[in-house]
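Subject: Structure handover

Hello,

Please find the structure below, followed by notes on what was found in it.

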Amino acid sequence: MLITHDTRCALDTVVDLVNTAPEDDTAPDGLPDVATLVDFVRNHEISDVGVLSDFDLSAVRKIRGRFAAVFAAPDARAAAGQINELVAAAGTTPRLTDHDGYDWHVHYFAPGASVADHLAADCGMALAFFVVAGEQERLRRCEAPDCRRAFVDLSRNRSRRYCDSRTCGNRLHVAAYRARRKEAAG
């Protein structure tokens, strides 16, 4: 599956956005205030975004939950339904652009769109490409029992199980090794 630069950026953005959601009622929100949203927008180089407000923060948190539902979708039909709703509500307006030193690429959000609509359109379309390609199962959650972070499995053989092999994967492999050693010792 060919993934263009702008699609890859949108995938990274949507994964990072979904992973800002608190995992339970005791965990802090990764987007606690407008200043954090401004940092998120800057760090992900989201273009054409004006001054952000509490309204934008609320709208982004709302679509974050809808994107989380895409990663939790049991099948392509359910994922497609979620993506269709996100993209339609954003008022998608595809257009070619070559801003900020990047070569020609497609923006799916309308000029002057809110940051939430921008994210819903561009990130929604990036996820849509996976459904269209029959690759919806690559939109995953970490299999570590104490981690449910979202990620996109871009491995060649679709075998990635953990959000980060150096943390979650390694931690589980070390625990399994120790359990085997303990059992062997008696």
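The sulfur of Cys9 has its closest cysteine sulfur in Cys123, 10 Å away, which is too far for a bond. Cys9 is partly exposed at a relative accessible area of 33% (buried is under 20% relative accessible area, exposed over 50%, partly exposed in between, with a 1.4 Å probe and protein chains only). For Cys163 the closest cysteine sulfur is that of Cys147, at 3.7 Å, again too far for a bond. Cys163 is buried, with a relative accessible area of 15%. The structure holds zero disulfides, a disulfide being a pair of cysteine sulfur atoms within 2.5 Å.

This is a predicted model, in which local features need pLDDT of at least 70 and side-chain atom pairs count only at pLDDT 80 or more, while totals for chains, interfaces and linings use all residues. Residues are numbered from 1 along each chain as its sequence is written, and side-chain values use heavy atoms, with hydrogens and water left out.

Next, helix H2. Helices (H or I, at least four residues) and strands (E, at least two) are DSSP runs, numbered from the N terminus. H2 spans residues 34-43, and its buried residues are Val34, Leu37, Phe40 and Val41. They lie on the same side of H2, because they cover an arc of only 110° around the axis (the arc is taken over the directions from the helix axis to the C-beta atoms). An α-helix has 3.6 residues a turn, so residues three or four places apart point the same way. The buried residues of H2 pack against helix H1 (5-18), helix H3 (54-72) and helix H5 (115-132); contact here means heavy atoms within 4.5 Å. Arg42 and Asn43, on the other side of H2, are exposed.

At the start of H2, a side-chain oxygen of Asp33 comes to within 3.3 Å of the backbone nitrogen of Ala35. This is a polar contact: a pair of N or O atoms within 3.5 Å, where within protein one must be able to donate a hydrogen and the other to accept it, and residues adjacent in sequence count only if both atoms are side-chain atoms. Just after H2, Glu45 has a positive phi of about 50°.

Asp56 lies in helix H3 and counts as buried at 10% relative accessibility. Not counting residues up to four places away in sequence, Asp56 touches Leu37, Val51, Ser114 and Val115. Asp56 and Val115 are 59 residues apart along the chain, with their C-alpha atoms separated by 6.7 Å.

Gln136 sits in the loop between H5 and strand E3 (139-141) and, at 10% relative accessibility, is buried too. A polar atom of the Gln136 side chain is 3.3 Å from the backbone oxygen of Ala73. Leaving aside neighbours within four places in sequence, the contacts of Gln136 include Val70, Asp75, Phe130 and Val131.

Finally, the rings. There is one aromatic pair, counting rings of Phe, Tyr and Trp (its six-membered ring) with centres within 6.5 Å; planes under 30 degrees apart are stacked, over 60 edge-to-face and the rest tilted. The pair is Tyr108 and Phe129, edge-to-face because the centres are 6.3 Å apart and the planes at 65°. Tyr108 is in the loop between strand E2 (105-107) and H5, and Phe129 is in H5, 21 residues apart. Tyr108 is buried at 15% relative accessibility, whereas Phe129 is partly exposed at 29%.

Regards
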